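Let us walk through this structure step by step. Keep the sequence and the 3D view side by side as you read.

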2 protein chains.
Amino acid sequence: MSNHDTERSWLTTVLTRDIPLGQAMALEITRLDASGISLSLPLGPNINDKGTAFGGAMASAMILAGWSLPRLLLRREGIDADLVIGRCELRFLSPVDQDFQAHCDWPDPASLTLFLDQLGRRGRGRLDLAPRVTCADKIVASLEARYAALARGRLPDAENA
Amino acid sequence: MSNHDTERSWLTTVLTRDIPLGQAMALEITRLDASGISLSLPLGPNINDKGTAFGGAMASAMILAGWSLPRLLLRREGIDADLVIGRCELRFLSPVDQDFQAHCDWPDPASLTLFLDQLGRRGRGRLDLAPRVTCADKIVASLEARYAALARGRLPDAENA
């Protein structure tokens, strides 16, 4: 398997077995490459009372799409750290009446270098990411999130996602 | 049954059958009274890879706790409107390593009157709510959310939650 295939298999286990809500959402990784990640989610398990996508399901999908990228970076670098989300701003832009996708792009290399450098020097690295949800190629929700990697053995002040 | 018991039964159906993710989260309404609503969630189905509560599950629980109050108000007033979440800011404050609760308080009566008045006059009413998650009586996550009620038959520009 290519590196991306191996990573996709590993990440699928994390997102759908270690995080059971990912399985309840029937989340699948449909793209993992040098530009970023895409998750696909069927409407059925993620529907709301209005027959459109539940905002919490879209929030969860974006949180996971964003989280996946620094998680993979830590794995590639062999770094033992927890990766958590601290604060974020969500926007819901349009109703979603069919299957949808959550995407996140890799940030620029300088941001990744700074993230790893902070983590190595101070035991805590921060990375801002902007995942989004699309439906029929239209952006229907967006997230601006700050993720933090915490070297194991240090006291976290935020540890979710 | 008292009004609150009848409402609790109706709302349980909405939150766990019309919104299947609520059932996957094993959400239960533990309090519904004149001061607000509390939902309880077991850690098990809402856990993440670190053995703590998944941020998306806490976000979903807060979105639903907040949404429930204006939804009940619309039901009490016999108003046929969709109720959606437009934008919100999430904060994750502490790791959650056991069952947790999501709460939302009723806002002041003047805000509710304005919400219903806007909806009646313009077909769209807005209400700001601040749900929170607690674990062992400590606030561990918070949400500031704007909800919008849209009279049916009007074109929404946001329709999620």
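**Where the two chains meet**

B:Arg87 forms a salt bridge with A:Glu89, and their closest N and O atoms are 3.7 Å apart. A salt bridge here is a side-chain nitrogen of Lys or Arg within 4 Å of a carboxyl oxygen of Asp or Glu. Between chain A and chain B the count is two salt bridges.

A word on the source. This is a predicted model, in which local features need pLDDT of at least 70 and side-chain atom pairs count only at pLDDT 80 or more, while totals for chains, interfaces and linings use all residues. Residues are numbered from 1 along each chain as its sequence is written, chains are lettered from A and ligands numbered from 1 in the order in which they are written, and side-chain values use heavy atoms, with hydrogens and water left out.

Now widen the view. In all, 45 residues of chain A are in contact with 45 residues of chain B (contact means heavy atoms within 4.5 Å). The two chains bury about 3400 Å² between them, with 62% of it on carbon and sulfur atoms. Buried area is the accessible area (1.4 Å probe) that two parts lose on being put together, summed over both. On the chain A side, A:Leu21, A:Lys50 and A:Phe54 lose the most area to chain B, together 19% of what that side buries.

Which elements of chain A give two or more residues to the side that touches chain B? They are helix H1 (3–18), helix H2 (20–24), helix H3 (55–77) and strand E3 (81–92) of chain A. Helices (H or I, at least four residues) and strands (E, at least two) are DSSP runs, numbered from the N terminus. E3(A) supplies the largest share, eleven residues.

E3(A) also meets its counterpart. Five bridges join E3(A) to strand E3 (residues 81–92) of chain B, and the two run antiparallel. Two strands pair if DSSP finds at least two bridges between them. A:Arg91 stands opposite B:Arg87 in E3(B).

**Inside each chain**

Chain A has four helices and seven strands. Along the sequence they follow the pattern α-α-β-β-α-β-β-α-β-β-β. The C-alpha atoms of chain A fill a box of roughly 50 × 35 × 30 Å, taken along the principal axes.

Turn to chain B. Strand E1 (residues 28–33) and strand E2 (residues 36–41) of chain B pair in the antiparallel sense over five bridges. A hairpin joins E1(B) to E2(B) through two residues. The bridge partner of B:Leu32 is B:Ile37 in E2(B).
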